[in-house]
Number of protein chains: 2
Amino acid sequence: MPSDSLVDSLGTWRRSHYSGDLVSVPPGQEVTVFGIIASIRNQGRITFVILLDSQGLVQITIGNDADEALQKRFGELKEFSYIGVRGIPKKFPKAPGGVEIVPSQIKLLARPKTTPPFGLFSKQVPNLETRMDMRSIDLRRPAVQEIFRIRHDLLNNMRAYLSGNGYLEVTSPKIISSATEGGAALFPILYFDKEGFLAQSPQVYKEQLVGAFEKVYEIGPIFRAEESRTMRHLAETTSVDLEEAFVTFEDVMSTLESLLVSAVSAVQKKHTLPKNKLSTDGRFTKITYSDALNVLDKDGAHLDWGDDIAFTSLKVLETRIKSPYFITHWPTSTKAFYIKPLEDKPEMSESFDLICGSLELASGGTRIDSREFLEQRLSEKGLNPRAFEYHLKSFDYAMPPHAGFGLGLDRLMMTLTGQENIREVVLFPRDQGRLAP
Amino acid sequence: MPSDSLVDSLGTWRRSHYSGDLVSVPPGQEVTVFGIIASIRNQGRITFVILLDSQGLVQITIGNDADEALQKRFGELKEFSYIGVRGIPKKFPKAPGGVEIVPSQIKLLARPKTTPPFGLFSKQVPNLETRMDMRSIDLRRPAVQEIFRIRHDLLNNMRAYLSGNGYLEVTSPKIISSATEGGAALFPILYFDKEGFLAQSPQVYKEQLVGAFEKVYEIGPIFRAEESRTMRHLAETTSVDLEEAFVTFEDVMSTLESLLVSAVSAVQKKHTLPKNKLSTDGRFTKITYSDALNVLDKDGAHLDWGDDIAFTSLKVLETRIKSPYFITHWPTSTKAFYIKPLEDKPEMSESFDLICGSLELASGGTRIDSREFLEQRLSEKGLNPRAFEYHLKSFDYAMPPHAGFGLGLDRLMMTLTGQENIREVVLFPRDQGRLAP
């Protein structure tokens with residue numbers, strides 16, 4: 001078994017405290033802490049090691065009056081080494097966290113063979129591609145970690161809101177037999193001897209489930225073979241999907257607003273978020289698609305009725321409309337086959353997009369609940385109704401009126417953390433150019 | 001827009017109460033309820049409709065002294081229709097939930113064109129394949145729904161335990177560039193112009209992440225191209241993965257035990273679970289692999305040291321060992337490349353499986369934390385270390401000692417709900433023969 005003679009085994013050592021808990025340790029009590037070395041500073045007769053664990057920093061101090069073996073061990077330490085330290089913490093206001101440990105024992109548990117091209121607290125870091133190539137090391141930087149601690153709390157708070165409001169968490173299959181929507185391309189997969197695809201949305205499943213459970217949500221991966229390389233698209237991303245029976249698009253718009261206000265406020269209580277467009281006390285703005293076109297027109301950014309509102313147009317609207325805002329009543333032609341047209345104006349639909357800044361965060365609407373009408377819309381969209389037979393069959397057994405939305409979790413995270421590139425808020429991003437690590 | 005002249009639109013109607021809340025409505029207050037018709041019973045001058053919503057049942061009663069239009073509407077109702085009802089609830093001890101509503105208005109929101117081959121409360125139902133072909137309708141049966149309400153609460157309680165104990169929720173990519181483990185076959189995917197695979201485990205990612213976050217967990221889909229059709233395997237299933245720095249397999253075994261005891265007790269407070277092998281007050285049993293072989297030997301079910309303990313052998317052990325139990329210290333040769341051998345007996349490993357009844361629920365161990373040793377083990381397992389270069393590179397920058405486990409959520413659900421077939425606990429199961437619905 002290859003082993004590094006300089007490296008100690010964990011043995012019976014276990015963490016007794018995190019860095020953040022050390023200030024409240026009774027005087028004289030020995031502790032065991034673990035972490036990664038953020039910096040080593042030698043000031044003549046004293047060496048300071050700053051140790052980072054998942055709760056923060058602690059200073060380990062050793063003087064040249066210490067045990068010789070211990071001094072030698074200390075001399076072998078490098079940044080990015082993982083160590084365990086035993087000793088008695090002492091109040092030391094100048095140290096991070098207000099505590100220092102003069103160690104009685106130390107274990108070097110792992111040491112780097114290669115030194116990363118940045119320190120844990122570096123302001124200067126390599127470009128995004130280099131960082132993503134060594135993402136597991138990039139993620140050791142506390143500035144990057146904060147993004148994922150925010151994500152953790154955001155998810156917990158969104159689930160708390162949804163469960164608290166009677167939505168059942170569901171898991172739909174990610175391997176499917178046919179396209180859910182036209183438009184975005186699918187990844188084909190060899191499923192035993194058949195052709196399958198990766199689901200680009202749980203749409204048909206969540207719709208089928210409202211006939212059984214009335215209110216459902218799913219937070220899971222979706223896959224889109226996006227050929228365009230932008231700062232806001234990925235091939236694999238996390239979607240927050242909700243679907244509900246006996247309501248319309250206006251109800252789920254309110255639900256989406258309450259969900260975001262509730263979850264974001266909870267996250268803000270725990271994290272210092274950069275000033276962002278979701279930090280709103282008021283209600284979300286609402287504007288119809290037609291009115292949005294008028295706003296664009298006045299700004300010299302004319303679109304024909306029926307055009308999609310592309311990113312460049314959202315950039316114009318951003319300067320005119322307070323974020324976050326809903327664009328409602330989209331042309332039926334711009335929306336997927338399952339979106340319900342208005343009864344009296346079928347060229348318009350019971351639909352909405354949620355925009356924040358120039359970013360589309362979510363999209364939703366009332367769904368068509370009749371099989372015949374779905375078949376008609378599928379054909380109009382150039383999709384083959386026979387490929388949707390299992391889905392359509394659900395409607396033969398009756399489906400209640402329903403509405404729902406899909407919310408892009410990673411885009412929401414971009415907004416919350418002020419990141420310009422969606423890759424920054426995903427642990428291991430996937431795009432046309434990147435399938436590893 | 002095709003529409004059914006018998007069907008009403010939702011209009012401004014919204015639910016005011018769920019069935020379960022009706023007993024506490026002040027006398028004389030009108031309510032609006034929605035649901036699916038479970039049964040219709042005509043007793044001469046009175047018709048009883050039993051309505052099911054996500055909270056339970058409510059009886060709708062109409063006599064032949066009622067408004068004629070309303071009586072006509074009532075006559076058009078069928079089982080599996082979705083309706084809305086307005087009226088004043090009255091205490092009626094004989095009715096389900098102790099309340100009946102004599103309606104003032106009714107809306108028929110959706111009606112079946114086809115009648116399912118079972119009722120919502122049928123004891124006799126079609127075989128599994130037929131039910132899975134019409135799964136969205138099968139799921140309208142309350143007996144089936146209870147499984148997914150248990151799953152919802154189980155997930156909530158597992159996440160509460162994990163978050164409460166400092167584990168960070170992470171999301172690893174499901175599209176990967178190479179196999180994580182030998183053994184189970186991978187689904188190949190065409191990723192733009194490259195070959196990719198669906199992840200059969202988040203193993204390498206969760207390991208890389210402990211270098212940054214120390215304690216992580218992920219609950220998400222995993223994919224295995226299992227050719228065998230058994231009652232306990234699926235091609236797509238949900239895995240609960242945990243990984244932690246500065247601990248060994250013995251620590252994560254304790255964590256797994258505490259997680260299960262905590263989450264299952266919480267679920268049991270809310271649901272009546274069938275008698276199952278996880279309902280334990282005591283600690284989980286532990287037995288070494290070698291001792292398990294001795295037990296088998298005494299039962300005439302001899303295995304050679306180094307053999308895997310297959311399902312048939314687990315069936316024998318089930319009669320001898322109190323469930324749930326851990327089998328520890330597996331032969332290194334039976335385990336994946338990343339499992340750490342014992343320092344003094346490298347043919348044995350710091351590993352465990354959690355067994356419940358004859359079902360393997362989880363598997364875990366201490367991980368190897370040296371690059372050289374990982375390369376050696378990869379080669380011994382016939383895997384190409386170059387395919388793992390991104391993963392191995394993380395170890396060049398130092399990786400703390402760590403351990404973890406993977407727990408099969410769907411198998412845990414089988415155990416909890418007493419289901420013999422894993423397909424019963426998955427909304428839309430996937431196996432070699434099934435890619436739809």
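How many bridges pair β10(B) and strand β11 (residues 236-245) of chain B, and in which sense? The two strands pair over 9 bridges in the antiparallel sense. Before the close-ups, a word on the model and its numbering. The model is predicted, so to speak of a local feature here takes a pLDDT of at least 70, side-chain atom pairs count only at pLDDT 80 or more, and totals for chains, interfaces and linings use all residues. Residues are numbered from 1 along each chain as its sequence is written, while chains are lettered from A and ligands numbered from 1 in the order in which they are written.

**View 1. Chain A as a whole.** Let's start with one chain: chain A has 11 helices and 16 strands. Helices (H or I, at least four residues) and strands (E, at least two) are DSSP runs, numbered from the N terminus. The C-alpha trace of chain A spans about 85 × 55 × 40 Å along its principal axes. Of the 437 residues in chain A, 48% are buried. A residue is called buried if 20 or more other C-beta atoms lie within 10 Å of its own, exposed if 12 or fewer, and partly exposed in between, with C-beta atoms placed from the backbone. Among contacts in chain A with a separation of 6 or more, 65% come from residues 24 or more positions apart. A contact here is two residues whose C-beta atoms, placed from the backbone, lie within 7 Å.

**View 2. Where chain A meets chain B.** Here 88 residues of chain A are in contact with 88 residues of chain B. Helix α4 (residues 142-164) of chain A gives the largest share of the side of chain A that touches chain B, with 7 residues. Sorted by class, that side of chain A has 47 nonpolar, 22 polar and 19 charged residues. (Ala, Val, Leu, Ile, Met, Phe, Trp, Tyr, Cys and Pro count as nonpolar, Asp, Glu, Lys and Arg as charged, and the others, Gly among them, as polar.) The copies meet through the same surface, because 100% of the interface residues of chain A are also interface residues in chain B.

**View 3. The axis between the copies.**

**View 4. Two helices crossing in chain A.** Helix α7 (residues 289-298) and helix α8 (residues 311-318) of chain A have axes that come within 10 Å and cross at roughly 80°. That makes α7(A) roughly perpendicular to α8(A). Axes are lines fitted to C-alpha atoms, for helices over the stretch in contact, and angles run from 0 to 180 degrees between N-to-C directions. Angles under 35 degrees count as roughly parallel, over 145 as roughly antiparallel, 65 to 115 as roughly perpendicular and the rest as oblique. At the crossing, A:Ala292, A:Val295 and A:Leu296 of α7(A) meet A:Ser313, A:Val316 and A:Leu317 of α8(A). That contact has 5 nonpolar, 1 polar and no charged residues.

**View 5. The open sheet of chain B.** In chain B, 8 strands form an open sheet of mixed pairing, in the order β6-β10-β11-β16-β15-β14-β13-β12. Each of β6 (168-169) and β12 (285-288) of chain B stands at an edge with a single partner strand, so one side of each is left without a neighbour in the sheet. Strands pair if DSSP finds at least two bridges between them. At one end, 2 bridges join β6(B) to β10(B), and these run parallel; B:Leu168 has B:Val216 as its bridge partner in β10(B). All 9 of the 9 residues of strand β10 (residues 215-223) of chain B are buried, so it is largely enclosed by the rest of the structure.

**View 6. Strand β14 and its neighbours in chain B.** Strand β14 (residues 351-356) of chain B is mostly covered, with 6 of its 6 residues buried. B:Ser351, B:Asp353 and B:Ile355 point one way from β14(B), and B:Phe352, B:Leu354 and B:Cys356 the other way. Strand β13 (residues 325-328) of chain B runs antiparallel to β14(B), joined by 4 bridges. On to β15 (residues 359-366) of chain B: 6 bridges join β14(B) to this antiparallel strand. The hairpin of β14(B) and β15(B) has 2 residues between the strands, and B:Gly357 takes a positive phi near 65° there.
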